[in-house]
Amino acid sequence: MKAHMEKARAQLGDLAALTSKTEAAERRILERAEKRLTEVQAEIDKLHPGIHGASEQAQDEYLALITERGQLHTVIAKAQQALK
């Protein structure tokens, strides 16, 4: 019985350490995603005013940035939910 209790305590300690590492990883993910979102939004703002008359390549870049922004919003929302 005593061995089972010690094993259970050890497992709880391992779970607590894993939880702490997971939360730290989620915080890093959130921080990096928010930073990248700021960068992407700045690029979108730069391209937006003349996008309608821009080259096809510029329009493709703009659409890629819009897509990335959406993905970043999803990543940020998931990270925030994981940290609640």
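A salt bridge is a side-chain nitrogen of Lys or Arg within 4 Å of a carboxyl oxygen of Asp or Glu. Arg 27 and Glu 23 form one, with their closest N and O atoms 3.7 Å apart. The model shown here is predicted. By this rule, it has five salt bridges.

- Arg 27 and Glu 23 both lie in helix α1. They are four residues apart, about one turn of the helix.
- Arg 27 is partly exposed, because its relative accessibility is 46%. Glu 23 is also partly exposed, at 34%.
- Glu 39 pairs with Lys 35, and their closest N and O atoms are 3.5 Å apart. These two are four residues apart in helix α1, so about one helical turn separates them.
- Lys 35 is exposed, with a relative accessible area of 57%. Glu 39 is partly exposed, at 34%.
- Lys 46 forms a salt bridge with Glu 43. Here the closest N and O atoms are 3.1 Å apart.
- Lys 46 and Glu 43 are three residues apart in helix α1, so they too are separated by about one helical turn.
- Lys 46 counts as exposed, at 61% relative accessibility. Glu 43 counts as partly exposed, at 29%.

**A linked network**

- Salt bridges link Lys 35, Arg 36, Glu 39 and Glu 68 in a network.

**A nonpolar surface patch**

- Leu 12, Leu 15 and Leu 18 form a nonpolar patch on the surface. Together they have about 320 Å² of accessible area.
- Leu 12 sits in helix α1, which covers residues 2-47.
- Leu 12 counts as exposed because its relative accessibility is 57%, and the cut-off for exposed is over 50%.

Notes. Residues numbered from 1 in each chain as written. Predicted model: local features only at pLDDT ≥ 70, side-chain atom pairs only at ≥ 80, totals over all residues. Heavy atoms only, no water. Patch = residues over 30% accessible without salt bridge, like charges linked within 9 Å, V, L, I, M, F, W, Y side chains within 5 Å. Areas by Shrake-Rupley, 256 points an atom, 1.4 Å probe, with all protein chains shown as cover. Buried < 20%, exposed > 50% of the residue type's maximum accessible area, 1.4 Å probe, protein only.
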